[in-house]
Amino acid sequence: MPAAALLRRALPDARISWVVERRASAILKGSSAIDDLIELDSRAWRKNIFQSATITDVRAKLKQVRGLDNLNGDSGETRADIAIDFQGLIKSGIVARASRAAARIGFETADLREKLSRVFLTEQAPTVAFSHVIEKNLALARAAIARAGKAPEPFANLSPRDYEFPVTVAPEDESYVENAIGRTNSRFAIINPGGGWATKLWPAEAYAKLADWLWIEYGMASFITYGPGEEQLAQSVASNCKSGAARLIDTTLKQFVALARRASLFIGGDTGPLHLAAASRTPIVGIYGPTSPERNGPFDQRDLVVGRNLWCRAECHRRSCWHWECMDIPVSAVMQAVSTRLANTVEDVRVRW
């Protein structure tokens with residue numbers, strides 16, 4: 001989203017379309033940075049690949065990607081001039097190629113998650129020198145700005161304070177969160193125990209001890225958030241919490257953003273909610289195992305990450321493993337990080353995008 005916001009700022013007259021997997025599309029709806037949102041459901045396609053409904057849907061989405069089916073109803077073809085691949089996957093490379101854009105920009109080969117995807121690119125922007133994924137994405141945006149004939153230099157030195165996350169939250173989502181948190185003390189924490197990968201999970205019992213400690217030490221209640229399929233894990237945290245100061249809250253992505261903008265702290269692993277909390281400028285303590293906090297961690301320098309520097313951790317990214325040493329992190333270490341982060345919290349004015 002910071003890259004899309006940069007493109008909108010540098011190229012105000014450009015038409016920007018975003019191709020996204022349907023299950024992650026909600027956060028982009030209504031964003032001021034984009035004109036068209038094209039939602040793909042590749043998971044459903046793979047499950048029903050030979051059904052006529054799948055073939056029909058694939059053809060319809062292909063027309064949209066090619067600009068033959070104008071989403072805003074304007075007349076004429078809207079073929080893309082530039083396609084940017086922010087994923088570095090074969091799948092995303094195919095989408096970029098399908099757009100028929102003459103310029104298809106992506107990461108340097110070393111930064112591609114699937115190296116073969118480079119065959120779909122016409123240009124690889126210099127990204128290896130950057131550590132964080134936001135910086136890498138901004139490098140792709142600057143390459144597109146240059147390709148469009150604009151000087152990218154005015155946008156070359158963005159700091160984390162300049163990052164924009166144009167997420168639009170509807171009034172009904174704000175009201176839902178206000179009603180859900182109710183009479184909770186004005187200071188509360190978000191605990192998100194999920195992680196997508198089994199190797200990213202810190203024990204539910206450890207999160208429960210942390211929630212009890214937050215209540216005793218800071219008088220801070222905790223809301224436990226979860227995604228699809230994670231409700232049992234979240235319930236396990238709540239049931240192990242002896243103080244009763246932690247409870248589940250069910251939110252959509254937009255509602256989570258509304259919640260994060262009100263929270264005094266977020267604690268969780270490397271997963272979508274952490275990144276949404278970072279976008280909302282919520283103070284963060286991240287618990288990292290198989291992934292790199294230098295690349296995927298929170299970007300506010302005051303935020304903290306707790307992990308273990310093991311022999312196997314570099315370039316790990318394993319979704320399964322024969323040992324769990326990297327997530328064998330003492331509760332006391334996370335408590336210390338929380339104390340430090342809260343001590344460094346300044347009452348910033350929260351910007352509502």
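1. Isoleucine 267 has valine 285, in strand 10, as its bridge partner. Strand 9 (residues 265-269) and strand 10 (residues 284-287) run parallel and are joined by four bridges. Strands here are DSSP runs (E, at least two residues), as are helices (H or I, at least four), numbered from the N terminus.

2. The model is predicted: local features need pLDDT of at least 70, side-chain atom pairs count only at pLDDT 80 or more, and totals for chains, interfaces and linings use all residues. Residues are numbered from 1 along each chain as its sequence is written, and side-chain values use heavy atoms, without hydrogens and water.

3. The order of the open sheet of six strands is 8-7-6-9-10-11, with parallel pairing; a pair needs at least two DSSP bridges. Strand 8 (246-248) and strand 11 (304-306) are at the edges with a single partner strand each, so one side of each has no neighbour in the sheet. On average, neighbouring strands are turned by 20° against each other, direction ignored.

4. Helix 8 (residues 231-240) packs on the sheet and touches strand 7 (221-224) and strand 8, contact being heavy atoms within 4.5 Å. The direction of helix 8 makes about 160° with that of strand 8. Axes are lines fitted to C-alpha atoms, for helices over the stretch in contact, and angles run from 0 to 180 degrees between N-to-C directions.

5. Helix 9 (residues 253-262) also packs on the sheet, touching strand 6 (188-192) and strand 9. Its direction makes about 135° with that of strand 6.
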